[in-house]
Amino acid sequence: MKNKKQSSFSSKYWLIIISVLCVILLGIERFTDGGGPLRFIASYTVVPMQEGISYVGRFMSDLSDNFDTLEEMKKENKKLQARVDDLTIDNTRLRQEQYELDRLRELYKLDENYSDYEKIGAHVVANNGSNWFTDFTIDKGSKDGVQVNSNVLAGSGLVGIVTETGPTYARVRSIIDDASNVSAMMLSTSDTCMVRGDLKLMDDGRLRFEKLPNNDNKIEAGEQVVTSHVSNRFLQGLFIGYVSEIEVDSNNLTRSGYITPAVDFSKLQEVLVITTTKQNMLEADADETQDAVETETPPQDQDEEGD
């Protein structure tokens, strides 16, 4: 019972003391124009708390703004990336079209150079799997007028000859193939030689020629080599390449050397096929000769025939 009274009494006193202390502090604060102890205490308690709350508020606001900005940047970045992808695709397509246009211009120029021959354009659709187009397939065949022994052109000159045909395809053996032999001649002198395919030489970008007569005709590097008039499969005058080296053989009767081909045999995509073969031309010439002979022979008179 006594303890309860003491506790109650003590609490009352404490309440009175705190109240008096507050009144005193308020009085001091009033007479010191706000520069009293309350302000001093507040400066170490309430003000830092307010600044902390304000800082957290600003941080959260900035964080929210940054988050919104980041989302906008992500959306904009996606749009820009999609645009870059579209432009990359467009640029690639334009470059491919430009390359194709350049190749078609070369074919057009080649077509003009050999305007005397009927030709058809074709795409290369397969090769033998090597780095060089020694044996390849094109997408034109017999129904397009392609025949066995049709000569094939690309770049600046002769590529090879058709060895097999189907209705919609044909196989071509190029002049760099080991099995290829082309009767050729020097353009300025008409001296004939034999151009032989050799894949080992193609690593150096060369063809070999042999059996060129060692006569007084001077042949130097840069001389143009074309198919000869005596070839039984290749039409005359198809450009093969340029002489790069020449030397006299040990027999002192012939010369041999190397040719830089007119065609890049590592990059064949489109070709021109001459639909008229050498055999067709020989047969046509024979028919014309026969017709000319028959025309020149005067017909006998009826009276003479009666005799």
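User: Which helix does K278 lie in?
Analyst: K278 belongs to helix α5, which covers residues 278-296. Helices here are DSSP runs of H or I with at least four residues, strands are runs of E with at least two, and both are numbered from the N terminus. The model is a predicted one, in which local features need pLDDT of at least 70, side-chain atom pairs count only at pLDDT 80 or more, and totals for chains, interfaces and linings use all residues. Residues are numbered from 1 along each chain as its sequence is written, and side-chain values use heavy atoms, with hydrogens and water left out.

User: Is K278 buried or exposed?
Analyst: K278 is buried, because its relative accessible area is 9%. Buried means under 20% relative accessible area, exposed over 50%, and partly exposed in between, with a 1.4 Å probe and protein chains only.

User: What does its side chain reach?
Analyst: The side chain of K278 reaches the backbone oxygen of S231 at 2.3 Å and the backbone oxygen of H229 at 3.5 Å. Leaving aside neighbours within four places in sequence, K278 is in contact (heavy atoms within 4.5 Å) with H229, S231, N232, R233, F234 and L235.

User: Changing topic, how do the strands of the barrel run?
Analyst: Six strands form a closed barrel in the order β1-β2-β5-β4-β3-β12, with antiparallel pairing. Two strands pair if DSSP finds at least two bridges between them.

User: How many bridges join β3 to β12?
Analyst: Two bridges join β3 (residues 151-154) to β12 (residues 270-274), and these strands run antiparallel. L153 stands opposite L272 in β12.

User: Where is K211, and what is its phi?
Analyst: K211 is found in strand β8, residues 207-213. Its phi is near 60°, a positive value in a residue other than glycine. K211 counts as exposed because its relative accessibility is 54%.

User: And where is N252?
Analyst: N252 is in the loop between β10 (239-248) and β11 (254-261). The phi of N252 is near 65°, also positive in a residue other than glycine, and N252 is exposed, with a relative accessible area of 53%.

User: What is the average pLDDT of the protein?
Analyst: The protein averages a pLDDT of 81, and 70% of the residues score at least 70. This score is the predictor's confidence in each residue, from 0 to 100.

User: Where does pLDDT stay under 50?
Analyst: It stays under 50 over residues 301-307, for which the model has one contact beyond four places in sequence. Where pLDDT is low, the predicted coordinates should not be read in detail.

Notes:
Polar contact = N/O pair within 3.5 Å; in protein donor to acceptor, adjacent residues only side chain to side chain.
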